[in-house]
Every structure is written in structure tokens, then in C-alpha cells.
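Please walk me through this protein, one region at a time. Keep the explanation tied to residues I can find in the viewer.

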Amino acid sequence: MKTTCPYCGVGCGLDVNNNVISGDVSHPANAGRLCIKGSTLAATLDDSNRLLVPMLSGKPASWDQALDVIAEKFSSVIAEHGPDAVAIYGSGQFLTEDYYVANKLMKGFIGSANIDTNSRLCMASTVAGHVRAFGEDVVPGCYEDIDEADLLVLVGSNTAWCHPILFERALAARAARGTKIVVIDPRRTATAALADLHLPIRADADTPLFLKLLATLAERGALDQRYITEYTLGFGPVIQSARDAKVTAQELGLTEADLARFIDWFCNTPRTVTLFSQGVNQSANGTDKVNAIINVHLATGRIGKPGMGPFSLTGQPNAMGGREVGGLANQLAAHLRFDYAADRALLRTFWASDNLATKPGLKAVEMFDAVLSGRIKAIWIAATNPAESLPRSARVRAALEACPFVVVADCWPTETTRLANIVLPAAGWSEKDGTVTNSERRISRQRAFRSAPGEAKPDWWMFAELGRCMGFAGQFHYTKSAEIFREHATLSGYGNQGKRLFDISQYQHITDAEYDQLQPFTWGHPRFFANGGFPTASGKANFVTVDRAKPKLRDASYPFILNTGRLRDQWHTMTRTGFVPSLMESAPDPSFSIAEHDAQTYGLEPGDLVRVTTRHGSAVLPALISNMQRPGEIFAAMHWTQTHNATGNVNQLIGAARDAHSGQPASKFENAAIEKLPAAWHGILQTRNLTHPSGQFCAARVPLSGGMHRFTMAGWKKLVFDNALPDWAARLCGADADAERIELTDAGRGTYRLGILQGNRLLACLFLAPRKDLLPGNNALATLFQVASWQTSRIGILMAIAAPQTEAGPMVCVCHRVTEAAIRTAIRESRLEDVAAIGKTLKAGTNCGSCKGELAVILQSEISTQELVV
């Protein structure tokens, strides 16, 4: 069975045989390669914590009961308050068929455009930039351009972690043809560690950098005047703006030498691809950043040709498919536009609707603001966890708590499902059937290879059933995903006549059997715009004058910049990856990454607790002292939520600032303050029951084999050893009321030990101490739970592990089980000098390659240490 990976926008093909998952060697996107997340997909096929039946006010219900209630509630709200009082918030995890039905229901028949998705958080600025420049949301290149480029410029993209299969192609291009790799990123990421040149630009300085580049290209005569004249409009004001900007290296936070080298390479290398991702998109001026990049490529004619072009790396597996069917609040289906009356009329006719939405709806942040204010009184949330993933997540939770009617469809319990009136069990990856579109516009099939558990249903089915219950049965008659795909394909060509580049109408008559066997294909051409042909009224591209975005003044009360982003082995709010033990080994604990200079200023040592406060909330995490950070800037992974971290999730710290054109939140730039909190105690908890510790402490959860969980803990409030402690500890362990407790308190040393048993079986144990070295090691804890019965020696639970054990450190290469300690030892003892030598000695980095950046960082630190010793 061939299917497609459900993680990032690379769109890797998979082969599945008896639930054994491997890369599809025939798929053009990955040719059989998989990253560590894709390689461990089989471990996510655990239904033990799945949602199985509809839940109505916390009680099981039938689908008919649940849908009748939803239809009645939505209909009554619409009748009393109008269609804009209801909303749908979806996900880039949707299949295109899910997106299509949800969008048709909301915009076509409910009559409101209040449907948006979590794709708003990752690529909305790219959509806006494409439309401004090209007239349509079109990625102009393909993955082969990476192979054929002589210069790859990665802007705001930790590609080695977030799109590792594509980064392997970049490294292969360098090996094969000498391609240079430039990374533009404030952080020295794993990607930067492997670059030929890293430009550690100040935060949000991307636009002035590309203004500087454009002005210099003009000075050196490196523009393509023929392309500008024949295929574009508006160049004059744009080049004048670039010249007037007079951007300096100091303003950019760069050295003169590094800036000059980058500009020289760009000016002298026609085959240049600029790849960009969330560091560009997630900004208050993200759309201008996109257009600044596109302006340079239009001005040089480096677009739509082999090895040339601007290229957006999409974050989610089907954000592109959502863009094709109009899944965002400001879009209509099939690349039709709200601002064109003819487009609205065409879609109204095709859908046979007399109630088509006539204006854009509320984008993600505004949508939940409207929920909080009461403007939206009923909302359906599907395949996403906004209570933890959206900026100001505490405000989002308050909005959902205040909303009169909340429906959530998901596979697993989340913080968002907890806040719902009705929870619907959704079919997930491996159970759903449909299509997805990757970053290069390649449409692939995602096929079901096992049955959904319980009564779980695909999202398109739920929306179609709701449409029927609301009185639109004739328009929502679908019984299979192939029917939806045919309608989607038909619409793409309906009234098109070459006006829109998105057109897959060649598949409008595809049979069910042909759909089942559909092979990956790219819509349109592999490349667009080499010889113009832009879908604008003039047929020409538009240069866009962009805001220079001068450096923002630091707020004395919040002198740091908080930047959030992804980890290598995790995905979104970790509802899938956070329960796979091997995926937690490389970064088991949340942290705030802080520059060495700032750590010295604040007296911080690695592991010290740090409170980071913004205008929107605060969180306490251990400090990670790192030379990856620029001074004055801190980084935290966006994945850490209340399920995995006792002090709340990182996204509650991010505010409402967003791009004026795209509505995309500025998740990469939030003013923050830091405060050192001396740790009063440390702890470790291991339990068979999933619990959610909370209090004046950090408690980071790591899943273990056998369904167990381990929490590493640290608190900043001194423990008081009185009679209240055992009850507090028992609740922390999630123990049943009739469970047996054995405990040992040493008030003098400030230590406490607790074991929870059911019969003779150990359920949980908790150890608290004023210092880490008084706690047992992970290996010792594992040994405790391997004992079949504690019938004869219960005291051994408390006493046998008093001595701490040496741990091997983070697992850098998960594929080959190679720890950081082993890598450092091999570098020293075998005098290894490059990443390839580490791979040859330890196999690290030789499978998926995702860890090569970390290997480079470790190697450089060891070499630096040796030089200091010498």
C-alpha cells in the first residue's frame, strides 16, 4: 500500500506492508528517504488513548444524536444572530477532500467566510505575497531546482530539522556540483552549522537585507532588464525605494565581510534558489518579506528556470491543498477571489448556492477574539488544538470556556477537546482516504490501510452529514472521497479558460478505480513564469514596494526578544509525536535557549530555572545556555504544552501582533523579560498513569516503553515536610484512593520518597531532593518497574536506588541510537575531523541525516575545546 507522510510539507511517499512503514522509492518527493518522524510512524498507531464515540456534554451519544444537536444549535444561532455568528477552525492536517466539503458548507451554504485553519499560523504570508506579485498563489518552482542550483539561500528556515529530506538534497547538490549554501537566521541552527555562510541577522531584518541586495544588484548591472521590461510592472518605485533605504551591515547585525560575501555570491550566481519558511512568514511584516525576496528574483529574471526561483517551504502536509480549495477565510475555492465579482458569480452557479459568502471572514486570531467577545456563538474545531497552539493560548482557552457552543473533532483528547460541549471521534492518518498537495504542488494520495477505531469518521463525512442535517442534502450527497475529488477537479476548470493556473480538470471524470490508483502528479507545469504568463489582468508580474521595517526599539521592561519554533523530532502540540519514546530522546525537556553573554549577565548556569515574562503571560523552564543565540534573544520550542510541561505552554507568551496583509501571527518576535529562579528542590516521577502535574514547579513529561511516563521536576518554592505532603504527592502520581503508599521522609536532608502500589504491582514512584545528585538515575528507575512483584521487599522501592547513576545524555542520532556522550568520546579518542568521519565511525547521520547539523555543532565545540587546551 502506498500512501503519504502526515507531517511536513515535503510530502514524502510511504510504503506500508502489515503496518511496517518505509519510504516509497518511486515517489518523486523523497525517493525512499524518510526523516526520523516518518521512520517512526508505526509507533503512532496506538489506539489506546483514542476518542471512540461522540460525546455529548461528557456522555456517549450516537452520531445521529450528536449531529442533530449540532445542526439545531448552528441553525438557531444563524437564525437569531446571522451566519457570521458561527465559525469553523480547521487544519493543515485535513485532506483536500475534508477541506473542500468544510469550505463548501461554510462559505457556500451557511453563507459566512468564517472558516480558517491553523495554516494561518505557518504560510498565510506566502499566500498573500504570491497573490500580490503573481496574481495567484503559485509556487513557481519544483524540488529539482534544489538539485540544479549553484547557490541555495535559506531564509528563516531550519531546513535540516523542519524539512530534512530537502536539506539532504541540498547537501547532495553541494557534493555533486559545488553548490554553496547560505543560511540567513538569527540563530546558529543545525542548518547554519552545515552552511558555507551563516548570516546571523538581527530579528526581523530580512526585508532590509533584500532591499540592500536589490540595490547592489542594480549598481553592479546584474539585473535582467529584458525580463523586467517584458514581464513585470512597477519596478521603478521598488528600485528607488531600495536605493533610498541605504541599508548598512550594522543595521542588519552583520559584519561587512559576511554581507559582502553573500552579495558577491548572489550577484555572480545565476542559478540561485531562495528557500524560505516560518522565519519569513511568522512576522508582523511577513508578506513584505516574501515580496522583498520575490522582487529580487523578478529583477534578475531568476524565476521559473532550472535552479532558479523563490521557493516557499510549507510547514504542514496539506496546507497547499487547503489553499487550492479556499480553506482560508480570505479565499474562495479553486483560487477564485472574493474581490472579483465574476469569481463569486461563477462559484455561486457551480455550487447552485443562493447564499454564497460575499466577503472574507475572520482570520484565526480575530476569530477567537470574536469567540471571546461573544460575536461568534458556535464554533466547530477540527484536527487541531488551538487551546495550546495559538498565540495568547490562555486567552483562547478563556474564549472557548465562555463560548455557548463548542464542537471539537479530533483523534485524541486534548486541551481543546476538554473545553468542548460535543466531542467527535475523528479518523486519522492511516484510516482516512484522500489527497494532499506538497510544497512543489505535487498531489499525492493518502490511503487508508487500517480501519478507524470505534465509531471514528473522516472529517469530510462529518461536514457532509451536518450539511444534510441543516437542510442542504442535495449539495452534500457524498459517499466517498473520490466523489469529492471529482467535484474539486471539475471546479478548477469551470469557467477557467486559462485565467487561473490552478487547473486539474483533466481529472474531473476520474473513476473510483483510477482514483484509487492515482499516482503523484504536479498540477500545471513543473515551473512557471520563465517567459511571463502571469495570471494578472496585464499578464505581467507586479513588483511590490515593501516597508523597510527599521529595527524596533527595545522596551526597557521587556528587553529580550522571544523567538519560538520547532524541534527536530516533534510535531505541533505533540499529540502524536509526544507519545513515541524514541522521538523524545533528543530533547526530552523544554527549555529557554539563552546566549552565553546573557547567561553570564544574569548568573545563569545550565539547568537553572528561568521565568520568561511577556505582556501576555509567563512560563518557567530550565535554561539552556547556547552559542546558537544572539545576545538579547531567547528561543523556546512551540511544542511544549500543559500536557508536557507543568508551567503552561510556550504559546501563551506570544501576543496578537500579526501581518497586516496575511493576518499571520508574529510568533518569532515577542518582547520578553527574564528572571532567574533558584531551584529549591528537584524531583523525578515515574508512573503508569498519565497525569498532569501543576504547581510552583516545572514537570516535563517523557513517554517510556510499556505505557509509562517519567517527569523530571524542579521547583522554586521550598517544600514543607508536613502531613499535607503525602496527599499532594499521591495526587501527583495519579494514584487511586485505595492504592497502597510507602514513603520515606528525611526532613533534615530535605528528601522525600514515595511508592504507590496496587496489590504487589508498582504503579508510581516519586523522589524529591534539594539537589539533582540525590535523585536516582533513569536506569535505576527503569529497574524498579521491571520487578514483577514487590510482595517481599517493599522497602527496596525506596532504598535500593539511593545512589544516582551516570546518564549518557541526549540521544543525538535516534536512528542508530548514538548519544552525545558517545559522539564526543569518539571525536576525542579517534581524532575525528568531519561529520562524515563521525558517520563512518558511529553510523550517526547516515540514515535520515536529520542529525548532521547537531553532529557539526558538537564537532565544532570539541575542536574549539581542544584548541583552548593546546
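**An enclosed helix, and onward**

Begin with helix α4, residues 124–134: nine of its eleven residues are buried, so the helix is largely enclosed by the rest of the structure. Keep in mind that this is a predicted model. Just after α4 comes Gly135, with a positive phi of about 90 degrees.

Next, go to helix α20, which spans residues 393–402 and holds Arg397. This arginine is buried, yet it has no salt bridge. Its nearest side chain of opposite charge belongs to Glu415, 4.2 Å away. A salt bridge here requires a side-chain nitrogen within 4 Å of a carboxyl oxygen. Glu415 is also one of the residues that Arg397 touches, leaving out those up to four places away in sequence.

Now find the barrel. It is closed and has six strands, in the order β21-β25-β22-β24-β23-β26, with mixed pairing. From one strand to the next, the twist averages 45 degrees. Look at the pair formed by β21 (residues 560–565) and β26 (residues 670–677). These strands run antiparallel and are joined by three bridges. Leu562 stands opposite Glu670 of β26.

Follow the chain out of β26. The loop between β26 and β27 contains Ala680. With a relative accessibility of 30%, Ala680 counts as partly exposed. Setting aside neighbours within four places in sequence, Ala680 is in contact with Gly715, Trp716, Lys717, Lys718 and Pro770. Gln506 and Ala680 are 174 residues apart along the chain, and their C-alpha atoms are separated by 67 Å.

Strand β29 (residues 709–715) comes next. Six of its seven residues are buried, so this strand, too, is largely enclosed by the rest of the structure. Which strands are joined to β29 by bridges? One is β27 (residues 681–687), which runs antiparallel to β29 and is joined to it by seven bridges. Within that pairing, Gly683 has Met713 as its bridge partner. Another is β28 (residues 697–703), also antiparallel to β29 and also joined by seven bridges. There, Cys698 is partnered with Ala714. Strands β28 and β29 form a hairpin with five residues between them. In this hairpin, Gly706 takes a positive phi near 80 degrees.

Finish at helix α29, residues 820–830. Its buried residues are Ile823, Ala826 and Ile827. Viewed down the helix axis, these buried residues fall within an arc of 100 degrees, so they line one face of α29. Just after the helix, Arg831 takes a positive phi of about 55 degrees.

Definitions and conventions: Residues numbered from 1 in each chain as written. Predicted model: local features only at pLDDT ≥ 70, side-chain atom pairs only at ≥ 80, totals over all residues. Heavy atoms only, no water. Buried < 20%, exposed > 50% of the residue type's maximum accessible area, 1.4 Å probe, protein only. Helix = DSSP H or I, 4+ residues; strand = E, 2+ residues; numbered from the N terminus. Arc of directions from axis to C-beta. Pairing = 2+ DSSP bridges. Axes fitted to C-alpha atoms, helices over the stretch in contact; angles between N-to-C directions. Lys, Arg positive; Asp, Glu negative; His and termini not counted. Contact = heavy atoms within 4.5 Å.
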